[in-house]
Amino acid sequence: TSALRESAQVYWDLSRIPRKGSDGTYEPSDLFSELGSALRDANINLQSGSNDITSLNLDQYDTLVVCATSSYGSPYSAAEAAAIGEYVKRGGGLIILAEDSTFSNNIAQVAAYFDFSVAQSTGVYDVKPGSSQSITEGISSLYFYNGGSIKTGSTESTLLSQTSGSGRLVVIGDSNLFDNRWLTKVDNKSFALNVFRWAAFMKD
């Protein structure tokens, strides 16, 4: 297990081409810019790039973000999913921001590697305060905008957090909850900080 960190380096993958909507592009420099600012205030440096995942040295980052709306152009390959999975097993953190089952499912190979899929859901979700992994500590509700639930076998939930090898995995069934329009809804911002801290093995 990695030692707890005071700061973290996060890489947001844009190699599959972000979606461009009427309000902007789904990337850290645009629709996720307020998230980037909040993370910087918490000593988390958010970077992004479009390098091929299989040739990128992922170990230089503490956490990788795979986002459905940032992966709109083409699907991840099985080789890319395996590279991501091996990175997590070695001790990296992975945050997957999924979408509902009607959205272009370009993250399907990554989801399959970690044995989950997404289903249709929407609205405000109540969450139980305090989990063993702390991602819901201090959180009473989250706002999902047309998000999806996470299905693992016969179990369905709005959030998934678990260890994988020496690393940590968080899957959230919506990407919009962290964009500039919804980040300040209910407890979304506090939840984002919890998620990024936990995935990167940061001190509370």
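Modeller: This is a predicted model. Let us begin with helix H1, residues 33–41, in which Leu35, Gly36, Ala38 and Leu39 are buried.

Biologist: How do you know that the span of helix H2 is close to the one expected?

Modeller: H2, residues 78–89, has twelve residues and reaches 16 Å from its first C-alpha to its last. At 1.5 Å a residue, 16 Å is expected, and the span is close to that value.

Biologist: Which residues of H2 are called buried, and what makes them so?

Modeller: Buried means under 20% relative accessible area. Glu80, Ala81, Ile84, Gly85, Tyr87 and Val88 of H2 are buried. Seen down the axis of H2, these residues fall within an arc of 155 degrees, so they line one face of the helix. Their cover includes strand S5 (63–67), strand S6 (93–97), helix H3 (108–113), strand S12 (159–164) and strand S13 (167–172). Glycine 91 follows H2, and its phi is positive, near 125 degrees.

Biologist: Why is a set of residues called a nonpolar core?

Modeller: The name applies because its members are buried nonpolar residues joined through side-chain atoms within 4.5 Å. The largest such core has 36 residues, and those with the most contacts inside it are Trp12, Leu35, Ile172, Phe178, Phe191 and Phe196. Among the elements that give two or more residues to this core are S1, H1, S4 and S13, while H4 gives the most, with seven residues.

Biologist: Which residues are in contact with phenylalanine 178, neighbours within four places in sequence aside?

Modeller: Phenylalanine 178 is in contact with Phe32, Leu35, Leu97, Ile172, Leu183, Asn188, Phe191, Ala192 and Phe196. There is also a second, separate core of 27 residues, which includes Tyr11, Val88, Ala98 and Ile150.

Biologist: What makes a space a cavity, and how many cavities of 30 Å³ or more are there?

Modeller: A cavity is a place where a 1.4 Å probe fits but cannot get out. By this rule the count is one cavity of 30 Å³ or more. About 50 Å³ of space lies in the largest cavity, and its lining includes Ala68, Ala98, Glu99, Asp100 and Phe103.

Methods: Residues numbered from 1 in each chain as written. Predicted model: local features only at pLDDT ≥ 70, side-chain atom pairs only at ≥ 80, totals over all residues. Heavy atoms only, no water. Buried < 20%, exposed > 50% of the residue type's maximum accessible area, 1.4 Å probe, protein only. Helix = DSSP H or I, 4+ residues; strand = E, 2+ residues; numbered from the N terminus. Expected span 1.5 Å × (residues − 1). Arc of directions from axis to C-beta. Contact = heavy atoms within 4.5 Å. 1 Å grid on protein atoms, 1.4 Å probe; cavity = no way out; pocket = protein on both sides within 12 Å on 5 of 7 lines; lining within 4 Å. Points joined across faces, edges and corners; volume = space filled by probe spheres on them.
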